[in-house]
Amino acid sequence: MEHHFAQIRTFFVVFICIFLQINAECNICSTTTQIACVSETQYQICANGIPTGSVNSCPNDYICSTATTVTCNPRSSNIVPSCSSCNVCDATQTFACTGRNTYALCLGTNTPSATATGDCGPDLLCNIDLPQICGTAESGVSPTCSSNDENNNIICCGSITLSEYAQRYCQMLQINSRFSVPAEIDSTYQNYIYCFLTSSGTWSGQVYTCAGSTYFDQHSKYCVAKKPTEC
């Protein structure tokens, strides 16, 4: 019987360690890929160890993981998402924690708003289980969405060129598809990146420009006449 309880205790400790490790990987930059998962299916490229720039989405039915060399993995692969607590709307679809002390309103949907956002302040923490959104660590509140940058600072992308960004992006993502360019790199919304596997077995990225006055639509993956709403 004592041996049985020892096994249960061991299992429980391992489970807790795995649970904490998974939750601790939201907004944490991978030292291998320099990408951070910011939700179950979204990620940001890191600069100087801090997630920066636009939030990018994995293709449909793919999840974000920093435990592998490939950031977006098929959901069918059974790889556990690195971040399943950040940018997740609460049960009442009121808000989601986006960082240690930041949040976004969900406005009755399952998607956090990109504009209706707020800050708890440096002394409060965002917790998905609090109706008032923010609480103090002294009262036992822990952040739902942890971050490796306690001040949630966003830094600029530096002097990286669009071509350099495309190469780095595709080498880390390793998915054959077309992708939009973050506004911090290029704000025309006419350029897009095509990631492909070369004959030598390495990933490369090529920048293309939509013809005339058309714009790249990140949802359809095609150039369209109407400027996308996110522009």
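Is Tyr-194 buried, exposed or partly exposed, and what is its relative accessible area? Tyr-194 is partly exposed, because its relative accessible area is 28% and the class covers values between the limits for buried (under 20% relative accessible area) and exposed (over 50%), taken with a 1.4 Å probe on protein chains only. The structure is a predicted model, in which local features need pLDDT of at least 70 and side-chain atom pairs count only at pLDDT 80 or more, whereas totals for chains, interfaces and linings use all residues. Residues are numbered from 1 along each chain as its sequence is written, and side-chain values use heavy atoms, with hydrogens and water left out.

Aromatic pairs were examined next. Rings of Phe, Tyr and Trp (its six-membered ring) were paired if their centres lie within 6.5 Å; planes under 30 degrees apart count as stacked, over 60 as edge-to-face and the rest as tilted. The count by this rule is 7 aromatic pairs. In one of these, the ring centres of Tyr-192 and Phe-216 lie 4.8 Å apart and the planes meet at 20 degrees, so the pair is stacked. Tyr-192 belongs to strand S12 (residues 191–197) and Phe-216 to strand S14 (residues 215–217), so that this pair links distant parts of the chain, 24 residues apart; strands (E, at least two residues) and helices (H or I, at least four) are DSSP runs numbered from the N terminus. Both Tyr-192 and Phe-216 are buried. A stacked aromatic pair is also formed by Tyr-194 and Phe-196, with 5.7 Å from centre to centre and 20 degrees between the planes. Phe-196 is partly exposed, at 23% relative accessibility. Ring pairs join Tyr-192, Tyr-194, Phe-196, Tyr-208 and Phe-216 into a cluster.

The whole structure contains 8 disulfides, a disulfide being a pair of cysteine sulfur atoms within 2.5 Å. In the disulfide of Cys-89 and Cys-106, the sulfur atoms are 2.1 Å apart. This link of Cys-89 and Cys-106 is left-handed, with -100 degrees about the S-S bond. Cys-89 is in the loop between strand S5 (72–74) and strand S6 (95–97), and Cys-106 is in the loop between strand S7 (102–105) and strand S8 (117–119); the pair links distant parts of the chain, 17 residues apart. Cys-89 and Cys-106 are both buried.

A disulfide also connects Cys-170 and Cys-195, whose sulfur atoms are 2.0 Å apart. Its torsion about the S-S bond is about -75 degrees, so the disulfide of Cys-170 and Cys-195 is left-handed. Because Cys-170 lies in helix H2 (residues 162–173) and Cys-195 in strand S12, the pair ties together parts that are 25 residues apart in sequence. Cys-170 is buried, with a relative accessible area of 0%, and Cys-195 counts as buried at 0% relative accessibility.

In the disulfide of Cys-210 and Cys-223, the sulfur atoms are 2.0 Å apart. The link of Cys-210 and Cys-223 is left-handed, with -80 degrees about the S-S bond. Cys-210 is found in the loop between strand S13 (203–209) and S14, and Cys-223 in strand S15 (residues 222–224); the pair links distant parts of the chain, 13 residues apart. Cys-210 is buried, with a relative accessible area of 4%, whereas Cys-223 counts as partly exposed at 34% relative accessibility.

Strands S6, S7 and S8 form an open sheet of 3 strands in the order S6-S7-S8, with antiparallel pairing; two strands pair if DSSP finds at least two bridges between them. The edges are S6 and S8, each with a single partner strand, so one side of each is left without a neighbour in the sheet. From one strand to the next the twist averages 25 degrees, with axes as lines fitted to C-alpha atoms (for helices over the stretch in contact) and angles running from 0 to 180 degrees between N-to-C directions. S6 and S7 pair in the antiparallel sense over 3 bridges, and Ala-96 stands opposite Ala-104 in S7.

The largest nonpolar core has 31 residues, and those with the most contacts inside it are Tyr-43, Tyr-103, Cys-126, Ile-133, Tyr-169, Leu-173 and Ile-193. Such a core is a set of buried Ala, Val, Leu, Ile, Met, Phe, Trp, Tyr and Cys residues joined through side-chain atoms within 4.5 Å. At least two residues of this core are supplied by each of strand S1 (35–37), strand S2 (42–47), S6, H2 and S12. H2 gives the largest share, 7 residues. Residues up to four places away in sequence not being counted, Ile-193 touches Tyr-165, Ala-166, Tyr-169, Cys-170, Ser-177, Arg-178, Phe-179, Val-181 and Gln-206, where contact means heavy atoms within 4.5 Å.
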